[in-house]
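Work through the exercises below with the sequence and the structure at hand. Try each task before reading its solution.

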Amino acid sequence: MIEQIVPILPLRNSVMFPASVVPINVGRKKSIAAIEEVQKGEEQLIAVLSQKDADTEDPAWPDLYQMGTIARILKVIRLGDDNYSVVLQGVERFKIIEPVSVAPILRAKVVRIPDNAQHNLELEALANNLKETGRKLINLLPNLPKEASGILEHVTEPGILADLVASNLTVEVAEKQTVIEAVDVEKRIRTCLKLLTKQLEMLKVKKEISSAVQEEMGRSQREYFLRQQMKAIKEELGEGEDVEDEIEEIRAKIADSGMTDEAEKMANKQLNRLRHMQTSSAEYTVTRTYLDWLIELPWKSTTDDKLDIDTVQQILDEDHYDLEKVKKRILEQIAVLKLNPEKKGSILCLVGPPGVGKTSLGKSIARAIGREFVRISLGGVRDEAEIRGHRRTYVGALPGRVIQGMKKAGTVNPLFMLDELDKLGSDFRGDPASAMLEVLDPEQNNTFSDHYLEVTYDLSKVMFIGTANNKSTIPPALLDRIEMIDIPGYTREEKRQIALNYAVPKQIGEHGLTDELLHFPDDGIFRIIDSYTREAGVRNLEREIARVCRAVAVKVARNGADQKYVANDDFIQEVLGPVKFIPEMADRCSVPGVTTGLAWTPMGGDIIFIEATKMKGSGKMAMTGQLGDVMKESAQTALSYVKSNVQNFGLEPNVTEEIDIHLHVPAGSVPKDGPSAGVSMFTSLVSLFTNRNVRSDVAMTGEITLRGLVLPIGGVKEKVLAAHRAGIKCVILPERNRKDKPDIPEEILQDIELIFVSRMEEVIETALEPAQ
């Protein structure tokens with residue numbers, strides 16, 4: 001190895017390799033001085049080092065790599081006072097041993113490192129692989145001269161081959177420097193091969209992308225030319241469609257729709273996008289559909305409310321019998337609207353059993369006040385998007401049911417019926433009940449946000465009326481935003497009035513009959529009510545009346561319209577067949593231990609039977625009939641009170657020690673729960689132990705305590721109506737439920753005696769027959 005002191009030429013953005021000839025522009029003072037000094041010598045040799053950072057104007061030794069190339073100056077051309085063009089030829093690698101000087105020029109003591117590779121098969125294979133990869137790269141670079149491939153073939157030394165290839169690669173300076181620093185020829189070829197392969201892959205990807213882009217541009221240009229030709233042909237045939245006219249037509253509709261500033265801004269933005277779209281693209285259809293929704297929604301169109309109280313009262317009475325509480329609340333709402341049109345109305349919810357006319361009442365209210373009626377059924381809705389809509393990024397996206405209903409109504413102040421509010425579900429797609437909070441909050445619904453529209457919509461002028469069968473399943477937050485109006489079941493007399501005034505005329509007309517052909521007397525109506533239906537509403541009653549009408553229609557079609565038919569008691573039984581409901585009070589209460597209780601269900605009130613029996617045993621009590629935990633605790637409370645007060649009931653102190661008790665509530669497949677059966681269970685146990693029958697015409701309800709108190713319960717009206725339907729003559733209620741007596745119709749009070757008790761002993765005095 002040869003050691004010598006030579007001038008240093010720093011090189012920016014490039015690396016000098018042995019065996020390569022490179023022209024370099026020299027302009028820095030130290031570099032010019034180094035060139036001029038070398039020219040004075042005989043060998044014309046200078047050491048070329050690459051800079052680590054190209055931005056360094058006056059590099060020091062830490063700014064330079066430690067290995068570079070000894071080069072011979074072949075030619076120097078003076079371009080100006082401070083500018084030279086120098087042609088260098090790489091000779092050999094070198095490494096700095098120690099720096100000598102920094103000024104006036106960089107000078108260092110270096111050692112030259114010659115190539116002394118041992119030729120073997122592996123080295124030849126690597127060199128051949130490098131040549132093959134180099135040819136592939138040359139084929140992908142059309143700008144390279146044709147001689148490049150020939151030069152590659154004529155190089156035989158592996159080390160020189162690697163340097164030649166590396167000098168022509170377009171990679172970072174640091175990566176080229178790794179090739180310079182690879183003294184071992186085999187390592188140098190492998191490093192060069194790695195860089196070459198990387199560049200080859202990048203060129204392949206670039207070429208694929210370029211081909212794809214050109215192909216797409218070619219297809220788009222072809223489509224454009226074809227469409228222009230088609231447009232010209234259509235214009236010649238007189239079939240041309242002027243898109244600009246359509247755009248201006250939409251713009252005029254937007255201006256005339258009366259939409260809010262926010263909505264108009266969004267609509268115009270989408271319209272400007274539409275102008276630059278091709279009519280055949282999918283995005284054009286999506287945007288056009290969105291604009292149609294914005295334009296067709298009612299923004300200012302309203303209907304004039306009919307706020308005459310007497311007229312509204314008359315229409316409500318025409319359509320529905322009774323329901324005085326509901327009608328009173330509706331008239332209050334109308335009166336407030338009349339006095340203050342800007343008042344935000346309450347959100348009403350009609351709660352009651354099926355068939356009492358909740359949904360039809362909504363239609364009647366809309367007709368009475370002259371508003372458009374829109375009904376959406378929420379039963380089984382589990383997706384929040386059903387309320388708020390889908391975002392337009394989805395294929396086939398649409399607004400939610402609320403916005404769809406507003407479009408259908410065509411006015412900003414319709415009556416919106418939200419049917420089956422208590423049957424909203426929820427799953428992984430969201431909670432629609434939570435989405436309803438914004439719809440039903442008068443403080444928020446003036447800025448209702450639908451995901452599809454992406455602009456706010458005012459729902460504050462809409463009158464919302466909900467319906468539900470069971471308010472316990474409505475989420476508390478939603479319940480807090482609506483005003484509940486309970487619609488209890490109908491009495492026997494009310495059902496008769498509804499049948500004669502509404503159901504019978506309707507069914508006779510629908511079946512093509514007349515009042516002259518078919519007449520329903522009171523005994524026939526009562527037979528259907530008592531023996532063929534047992535419900536709080538009138539839906540099944542109307543269904544059975546329709547069965548009678550169909551039977552008469554068959555007779556008229558077969559025998560002619562000469563005979564008049566009277567649907568009396570006998571005719572009803574002949575047409576409807578065996579009775580479905582038979583009064584069974586006397587049979588069920590003919591033995592001690594059987595008591596009639598009263599229960600509330602979402603379908604209205606109902607009667608239940610509490611049966612108790614005893615057998616030899618060890619004082620255990622079994623309870624059957626699918627009883628819930630609260631009901632079981634009521635039974636245990638009743639037994640504990642009996643045991644602790646045996647003397648008050650004339651029983652032996654150890655009356656329960658040698659017997660087992662079985663308490664059963666029939667209809668075992670129906671789950672039952674609640675505290676209101678406590679009084680009935682207590683009465684059954686006392687009846688069983690004292691061997692006294694419970695009066696067959698008495699039913700009872702109430703919660704009990706270990707102190708002997710009877711506590712109040714809910715659903716009093718429904719329970720009393722159920723007792724009346726079952727033929728009960730006396731109902732025992734808690735004293736603190738006396739306040740509910742005004743809600744019970746007067747006609748029911750004429751048939752049923754209400755006895756209010758505050759202690760459990762008072763129940764026994766009224767309910768049990770004398771001892772036999």
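**Exercise 1.** Find the loop in which Q626 lies, and decide whether Q626 is buried, partly exposed or exposed.

Solution. Step 1: Q626 lies in the loop between strand 18 (621-624) and helix 22 (629-644). Step 2: the model is a predicted one, and in it Q626 has a positive phi of about 55 degrees although this residue is not a glycine. Step 3: for comparison, most residues other than glycine have a negative phi. Step 4: the relative accessibility of Q626 is 44%. Buried means under 20% and exposed means over 50%, so Q626 counts as partly exposed.

**Exercise 2.** Describe helix 19, its span and its buried residues.

Solution. Step 1: helix 19 covers residues 539-559, which is 21 residues. Step 2: from its first C-alpha to its last it reaches 30 Å, close to the 30 Å expected at 1.5 Å a residue. Step 3: its buried residues are L541, E544, I545, A546, V548, C549, V552 and V556. Step 4: these pack against several elements, among them helix 17 (492-510), helix 18 (522-532) and helix 20 (569-576). Step 5: helix 19 is followed by G560, which has a positive phi near 95 degrees.

**Exercise 3.** How do helix 18 and helix 19 cross, and which residues make the contact?

Solution. Step 1: the two axes come within 10 Å and cross at roughly 120 degrees. Step 2: that angle makes helix 18 oblique to helix 19. Step 3: helix 18 passes helix 19 in a right-handed crossing. Step 4: helix 18 contributes I528, I529 and Y532 to the contact, and helix 19 contributes L541, E544 and I545. Step 5: sorted by type, the contact residues are five nonpolar, no polar and one charged.

Methods. Residues numbered from 1 in each chain as written. Predicted model: local features only at pLDDT ≥ 70, side-chain atom pairs only at ≥ 80, totals over all residues. Heavy atoms only, no water. Helix = DSSP H or I, 4+ residues; strand = E, 2+ residues; numbered from the N terminus. Expected span 1.5 Å × (residues − 1). Buried < 20%, exposed > 50% of the residue type's maximum accessible area, 1.4 Å probe, protein only. Contact = heavy atoms within 4.5 Å. Axes fitted to C-alpha atoms, helices over the stretch in contact; angles between N-to-C directions. Parallel < 35°, antiparallel > 145°, perpendicular 65-115°, else oblique. Left-handed = near helix turned anticlockwise from the far one by under 90°. Nonpolar A, V, L, I, M, F, W, Y, C, P; charged D, E, K, R; others polar.
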